[in-house]
Amino acid sequence: MRRRTKQQLVTAAALLAAAAVGTIAAPYVHPTTATGEVRSTSTGQPSPSSTVSAAEGLRDLRGLEISDEYVPADYDRDAFGQAWADTDRNGCDTRNDVLRRDLTAVVTKPGTNGCVVLSGTLHDPYTGRTIAFERGNTSSLAVQIDHRVPLAYAWRHGAASWTDAQRELFANDQAANLVAVDGSANEEKSDSGPAEWMPASTGDACSYAESFVTVATKWQLSIATADERALDRTLTACS
């Protein structure tokens with residue numbers, strides 16, 4: 001009797017331990033649907049670049065070089081390497097990495113190791129709209145990946161003198177410069193700086209300004225005088 005009780009206790013303890021591990025791991029497991037599609041548990045949290053405070057942004061803004069020096073208009077997207085290269089070597093291209101990070105209810109394509117995003121929902125920071133994303137030749141354009149500091153802007157403010165490798169890393173900098181946004185807003189923004197374009201959603205103006213300064217500081221880019229003034233006004237109001 002005593003031997004059986006001890007065995008039962010050991011079995012119960014093992015079951016409890018297994019349940020605890022399952023509970024801890026559950027948020028990170030992608031349950032597979034009947035069609036083989038994989039659903040992510042992403043919560044669409046803001047990218048790391050949007051977590052810098054306005055006060056820190058103002059401090060870093062003071063340290064940036066201000067330059068309106070003319071740079072020859074020989075910018076070429078190809079100078080920044082392959083579009084959406086896998087620079088972090090995780091087996092997924094940068095575009096899909098950002099989509100998985102910024103969208104909610106993400107469904108990925110079977111056989112892609114959870115990389116290729118088929119669908120999801122974007123809570124767009126630039127417009128405040130909720131956008132349903134569906135992968136397709138034209139439907140994918142509804143959600144685009146924006147460089148907070150555009151590549152052409154970076155070219156004019158320092159990147160023209162970088163190596164090809166540096167420019168490719170900049171173009172794929174998920175941690176600081178990339179965010180999934182409404183496609184039409186991204187196209188409207190184009191290669192504008194903060195003096196010419198700000199998010200329509202006032203709620204994202206602070207995040208956008210903070211991110212712009214973060215990227216310029218990280219990559220030692222200069223900014224134009226008009227952009228410095230626009231960023232100063234925005235960050236001062238935010239703080």
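The model is predicted: local features need pLDDT of at least 70, side-chain atom pairs count only at pLDDT 80 or more, and totals for chains, interfaces and linings use all residues. Residues are numbered from 1 along each chain as its sequence is written, and side-chain values use heavy atoms, with hydrogens and water left out.

**Nonpolar cores**

- A nonpolar core is a set of buried Ala, Val, Leu, Ile, Met, Phe, Trp, Tyr and Cys residues joined through side-chain atoms within 4.5 Å, where buried means under 20% relative accessible area (1.4 Å probe, protein chains only).
- The largest such core holds 33 residues, and Phe80, Val149, Phe170, Leu221 and Ile223 have the most contacts inside it.
- Elements giving two or more residues to this core include helix H2 (54-62), helix H5 (164-171) and helix H7 (202-218); helices are DSSP runs of H or I with at least four residues, strands are runs of E with at least two, and both are numbered from the N terminus.
- H7 gives the most, six residues.
- Ile223 touches (heavy atoms within 4.5 Å) residues including Leu61, Tyr153, Phe212 and Leu231, not counting residues up to four places away in sequence.

**Largest pocket**

- Thirteen residues line the largest pocket, and Ile145, Asp146, His147, Asn186 and Ser190 are the closest to its centre.- A pocket is an open set of points on a 1 Å grid over the protein atoms alone, where a 1.4 Å probe fits, with protein on both sides within 12 Å along at least five of seven lines; lining residues have an atom within 4 Å of a point.
- Strand S5 (143-147) supplies the largest share of the lining, four residues.

Methods: Buried < 20%, exposed > 50% of the residue type's maximum accessible area, 1.4 Å probe, protein only.
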